Amino acid sequence: MSTVEQSFYTVGGVVAYGPDNKRATKLVARVYSGLDGDKPKAVEEWSVDEGDIRQDPSIREQVTEFFKRHGAKPEPLPDLVCGCPHEEGVDYPVGRKCPHCHFWHDIDPLTLEPIEPPVATLSPEEVLRELSKADATEQPLEALESADAQREALTEPLLQAMEKGVAQPEDLSEGDGMLFGYACYLLAMWREPRAYPLMVRWLSLPDEQAFDLGGDTVTESGNRLLASVYDGNPEPILNLIHNEKANPYCRGEAVMALCRLANWGEMPRDAVIEIYRKLIGHCVEKKNSPLWDYVVQACVNMEALELFPEIRAAFERGLEEPMFVDREDLDEVEAGPRGWWIEQDIADRPPIMDVASETVWWKCFSDEEDFFDFDPEDYLDSDEDFLASAGELGLGDVIESNAPVRSGKKVGRNEPCPCGSGKKYKKCCGK
């Protein structure tokens with residue numbers, strides 16, 4: 001690429017962070033290439049303990065030199081301070097409040113406006129009734145906000161709703177199934193550790209019972225729900241991973257939960273790396289372990305470069321490349337800027353923070369016409385190897401349940417086939 005082309009495609013930006021909105025103690029500069037999308041081709045940061053970093057002439061020169069070195073036009077240092085200088089997942093866990101910068105606890109870093117607390121307009125009893133309505137066609141936004149405003153009063157009833165669900169997953173009423181789903185998300189948003197053993201029990205249910213109870217929530221949010229209520233003891237997750245009576249999907253969600261915990265800063269990265277190292281050996285030994293896809297994906301998402309040689313060696317020993325990750329992905333992670341894949345993983349899969357946005361996809365809130373706008377070709381792939389792998393792992397299996405399932409073109413395998421045949425999807429177009 002010529003110098004002219006490079007300057008045309010290369011842009012830079014610098015952001016300031018500080019303990020409050022008056023003083024900056026950290027600068028982060030990034031250079032982006034228009035050919036590489038959102039991934040920066042270079043990142044550099046500077047920090048000071050005292051004073052305002054923007055007033056340091058030496059650092060200003062270093063920032064200017066950084067942009068010139070990477071072919072970008074030098075950017076002026078920003079006037080605005082855009083949040084805490086400490087990094088989520090590094091200095092404190094993702095989704096929690098920085099213990100050092102109290103100024104930002106209840107302030108929107110972009111607008112500097114106070115973050116308004118939730119307001120309770122419904123009583124706890126009314127909230128539980130609203131969240132138990134099986135015939136709801138609109139999200140119970142008032143009930144969800146009221147629930148968030150009354151955490152102490154509702155934590156115990158929601159724990160009881162989860163207990164009831166895991167105790168009788170196949171006999172739960174539709175209303176109790178709805179409440180179970182909301183309980184999972186609310187308790188996860190509140191980071192309630194008492195929900196941790198209940199989440200593990202749910203995902204450890206045999207055969208398809210976890211889906212009977214939670215529907216698509218298992219694969220949509222299972223690993224994030226589990227990680228959000230983690231109590232510091234990894235043994236229950238490890239037991240689920242190795243529980244061959246549990247559904248393979250659920251075991252995979254447990255594998256991915258460890259990745260979430262490492263990237264969120266809730267669990268030491270080195271500890272997760274060693275667990276994955278043993279799982280790679282386990283998958284090689286089993287040859288067709290349903291955990292393989294999840295382990296490789298997790299290693300990519302947490303940039304576990306130290307395990308890439310073992311993953312490549314496993315490929316050479318006959319393990320297939322996972323459906324959603326290949327050797328080129330490993331190469332790209334190794335060649336890319338450190339931390340980018342982790343940042344993307346955190347951005348795409350954060351802790352549960354907003355129940356309304358997390359449950360907007362539930363089938364009961366969808367347009368029925370869109371749901372049944374079905375073309376079997378949308379579910380087929382001409383690559384026989386892909387189909388064989390998908391069938392082997394059970395991918396595509398989504399169970400109709402008491403809890404809502406995803407709207408759109410993802411059809412539960414026990415639902416009526418949208419093609420109109422009158423058969424269940426798994427017996428018709430879902431074969």
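Let me begin with Pro40, which lies in strand 3, where helices (H or I, at least four residues) and strands (E, at least two) are DSSP runs numbered from the N terminus. What we are looking at is a predicted model, in which local features need pLDDT of at least 70 and side-chain atom pairs count only at pLDDT 80 or more, while totals for chains, interfaces and linings use all residues. Residues are numbered from 1 along each chain as its sequence is written, and side-chain values use heavy atoms, with hydrogens and water left out.

Staying with Pro40, its relative accessible area is 5%, so this residue is buried; here buried means under 20% relative accessible area, exposed over 50% and partly exposed in between, with a 1.4 Å probe and protein chains only. If we set aside residues up to four places away in sequence, Pro40 touches Arg30, Val31, Tyr32, Pro337 and Trp340, contact meaning heavy atoms within 4.5 Å.

Trp340 takes us on to helix 16, residues 340-348, in which Trp340, Trp341, Asp345 and Ile346 are buried. What covers the buried residues of helix 16? The cover includes strand 3 (40-47), helix 11 (248-264), helix 13 and helix 15 (327-335).

Let me step back to the chain as a whole. Its secondary structure comes to 19 helices and 3 strands, and of its 431 residues 46% count as buried. When we take contacts between residues at least 6 apart in sequence, 66% of them join residues at least 24 apart.

The axes of helix 3 (residues 124-131) and helix 5 (residues 151-167) come within 10 Å and cross at roughly 40°, and that makes helix 3 oblique to helix 5. Axes are lines fitted to C-alpha atoms, for helices over the stretch in contact, with angles from 0 to 180 degrees between N-to-C directions; under 35 degrees counts as roughly parallel, over 145 as roughly antiparallel, 65 to 115 as roughly perpendicular and the rest as oblique. Helix 3 passes helix 5 in a right-handed crossing, a crossing being left-handed if the near helix is turned anticlockwise from the far one by less than a right angle, and right-handed if clockwise. Pro124, Val127 and Leu128 of helix 3 make the contact with Ala153, Leu154, Pro157 and Leu158 of helix 5. By class, that contact has 7 nonpolar residues, with no polar and no charged ones, where Ala, Val, Leu, Ile, Met, Phe, Trp, Tyr, Cys and Pro count as nonpolar, Asp, Glu, Lys and Arg as charged, and the others, Gly among them, as polar.

Helix 5 also packs with helix 6 (residues 174-189), at an angle of about 125° and with the axes 8 Å apart, and these two helices are therefore oblique to each other. Here the crossing of helix 5 past helix 6 is left-handed. On the helix 5 side we find Thr155, Leu158, Leu159, Ala161, Met162, Lys164, Gly165 and Val166, which meet Asp176, Leu179, Phe180, Ala183, Cys184, Leu186 and Leu187 in helix 6. By class, the contact of helix 5 with helix 6 has 11 nonpolar, 2 polar and 2 charged residues.

Finally, some individual positions, starting with the loop between helix 2 (57-69) and helix 3, which holds Leu112. Phi of Leu112 is near 65°, a positive value in a residue other than glycine, and with a relative accessibility of 33% Leu112 counts as partly exposed. Val81 is placed in the loop between helix 2 and helix 3, and its relative accessible area of 4% makes Val81 buried. Beyond its neighbours within four places in sequence, Val81 is in contact with residues including Tyr17, Arg54, Trp104 and Pro109.

Is Glu303 buried or exposed? Glu303 is buried, with a relative accessible area of 7%; this residue sits in the loop between helix 13 (292-301) and helix 14 (308-316), and has a positive phi of about 50° although it is not a glycine.
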